[in-house]
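Work through the exercises below with the structure open beside you. Try each task before you read its solution.

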Amino acid sequence: MKKTAEVIIIGGGISGCTIAYNLSKENVDTVLVEKGSLASGATGRSGSMIWNIWGTDPDKELAKLGLSSTRKFAELEEELGYDIEYTPSDYLTIVTPEEEEHYRKAMAITQKNLGLHIEYLKPDEIKKIAPYIDVDNNPVVGAYHLCNHRINAGANPFYTVEALITNAKRAGAKIYTDTEVTDIEVENGKIEGILTTKGKIKTHTVINAAGAWSSDVAKMAGIKIPTMPYRDEAFVTEPLMHLPYLAERGDIWWRQEKNGQIIAGEETHIIRKPEYNAAASLGPLQRPIHTIQQYIPQLGNVNILRHWGGFEDVTPDKLPIVGEVDELKGLILACGCDGFGFSFSQAHGKLITDLIVRQEKSKVMEYFNLRRFARKYREYTGRWYDWP
Amino acid sequence: MNTNQKTIICFCEDITKEEILKAIEQGYTTANEIKRHLRAGMGECQGRGCMPQIMKLISQKTGKPREEILPPTDRAPIKPVPLGVMGKISKGNQKGV
């Protein structure tokens with residue numbers, strides 16, 4: 001094992017691996033430490049969707065970053081020289097009468113801020129391009145259709161991580177899997193190194209990309225961050241013929257993989273308690289199954305092969321935490337990505353590399369800095385964390 | 001016997017013995033990692049046919065005793081279940097499931 005490193009990344013998920021690739025490409029002496037195997041946390045369990053993130057922030061900073069990230073993904077296969085099963089797909093966001101007003105406003109804001117062309121389709125037009133969607137027996141008033149082809153996509157998370165890491169290794173990065181970080185050494189307000197189950201590595205810069213475990217990692221350095229792990233579940237069906245359009249409904253997400261399998265799930269973390277239990281159960285599958293069956297009845301006969309659970313790393317305001325920690329020089333956070341970590345990963349890579357290599361502190365970095373919680377969420381006390 | 005012929009180990013995803021041996025050489029030395037890296041055992045049969053053989057290959061290649069090679073995580077439903085049927089189970093009484 002290496003004894004020293006300029007930068008140590010904790011976490012071998014999509015964020016950590018992207019940062020490792022970007023840093024080593026800029027000749028930064030990089031080490032990545034992962035406690036399991038690569039993509040064994042949220043990345044490998046995710047739907048690996050690359051889509052435009054709407055975001056809850058009024059300034060749409062997240063959406064802008066997300067857009068740059070999804071565009072980067074479109075070039076990734078060529079850049080890495082690797083087949084990551086990048087599959088662009090078109091989405092129809094189906095709108096019911098109750099949601100009409102809400103969606104009209106949301107889409108107008110998105111269109112204005114991001115410059116995307118969003119088409120509105122009437123039920124008859126939906127039938128024409130996607131005859132398998134049951135428009136007649138459902139309360140459908142229309143659908144939003146994102147015409148920009150390279151916005152919605154998916155990729156194989158394992159291949160993506162492997163491609164990034166192969167390129168990072170070629171550029172000189174060292175990757176240690178099955179190596180758990182046990183402590184972060186801090187002296188006089190400065191990071192001196194990390195202790196792992198396989199030895200000690202000296203460094204002054206640690207990047208926390210540990211996803212659902214990010215608050216535990218930060219705690220080792222004596223820093224409290226308000227991220228919490230929430231369980232989400234997904235399932236995958238047997239391979240099907242290619243469906244040109246998938247319908248998006250409310251908080252149900254689903255996409256078709258390159259081999260034809262449909263992978264789906266629901267964003268329900270709001271009603272659950274934070275936990276590290278990944279065991280799957282039948283309950284959370286209910287709504288995605290019913291929604292899919294409601295809008296594409298034929299899919300009721302398709303077999304479900306597997307379902308599983310994973311973790312999302314959620315912050316109180318549902319925005320990621322990116323950038324330096326004021327109280328501890330050298331600790332850089334790249335976490336709190338909620339359910340859009342895969343889409344956002346390329347933005348993570350760029351932001352962190354700009355910060356480390358070019359000492360660039362962009363306005364966006366300030367926006368997503370940890371200090372926003374000290375101001376805004378001073379009275380926030382989570383179940384596990386007390387914010388000072 | 002022509003040993004150059006491809007030996008398919010995972011019938012659902014068409015994964016050959018050569019691919020599995022190569023993956024083990026690359027450092028994917030657990031059944032879980034092979035499954036995620038190659039998709040072996042992720043098809044219709046959920047690894048029922050290929051996993052014992054993959055675990056045997058890992059054992060042979062790494063020199064670890066066969067009983068120390070752990071199977072990958074089993075995922076429900078163990079056998080493929082139609083989406084519509086699954087929806088009915090979870091819609092009804094949830095106590096028994």
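The model is predicted: local features need pLDDT of at least 70, side-chain atom pairs count only at pLDDT 80 or more, and totals for chains, interfaces and linings use all residues. Residues are numbered from 1 along each chain as its sequence is written, chains are lettered from A in the order in which they are written, and side-chain values use heavy atoms, without hydrogens and water.

**Exercise 1.** Describe how domain 2 of chain A meets domain 3 of chain A.

*Solution.* 

Step 1. Locate the parts. Domain 2 of chain A covers 90-151 and domain 3 covers 229-314. These bounds come from an automatic or database domain assignment. The C-alpha centres of the two domains lie 21 Å apart.

Step 2. Count contacts (heavy atoms within 4.5 Å). Domain 2 of chain A puts 16 residues in contact with 15 residues of domain 3 of chain A.

Step 3. Find the buried area, which is the accessible area (1.4 Å probe) that two parts lose on being put together, summed over both. For domains 2 and 3 of chain A it is about 1,500 Å², with 52% on carbon and sulfur atoms. A:Tyr91, A:Ile94 and A:Tyr132 supply 43% of the area that domain 2 buries against domain 3, more than any other three residues.

Step 4. Look for salt bridges (a side-chain nitrogen of Lys or Arg within 4 Å of a carboxyl oxygen of Asp or Glu). Between domain 2 and domain 3 of chain A the count is zero.

**Exercise 2.** Describe how chain B meets chain A.

*Solution.* 

Step 1. Count contacts. Here 24 residues of chain B touch 32 residues of chain A.

Step 2. Find the buried area. Chains B and A bury about 2,500 Å² between them, 53% of it on carbon and sulfur atoms. On the chain B side, B:Arg36, B:Arg39 and B:Leu83 lose the most area to chain A, together 29% of what that side buries.

Step 3. Look for salt bridges. There are two between chain B and chain A. A:Glu85 and B:Arg39 meet in a salt bridge at 3.2 Å, N to O.

Step 4. Check strand pairing (at least two bridges found by DSSP). Strands are DSSP runs of E with at least two residues, numbered from the N terminus. Strand E18 (residues 303-314) of chain A and E3(B) run antiparallel, joined by two bridges. Within this pairing, A:Ile304 stands opposite B:Val81.

Methods:
Helix = DSSP H or I, 4+ residues; strand = E, 2+ residues; numbered from the N terminus.
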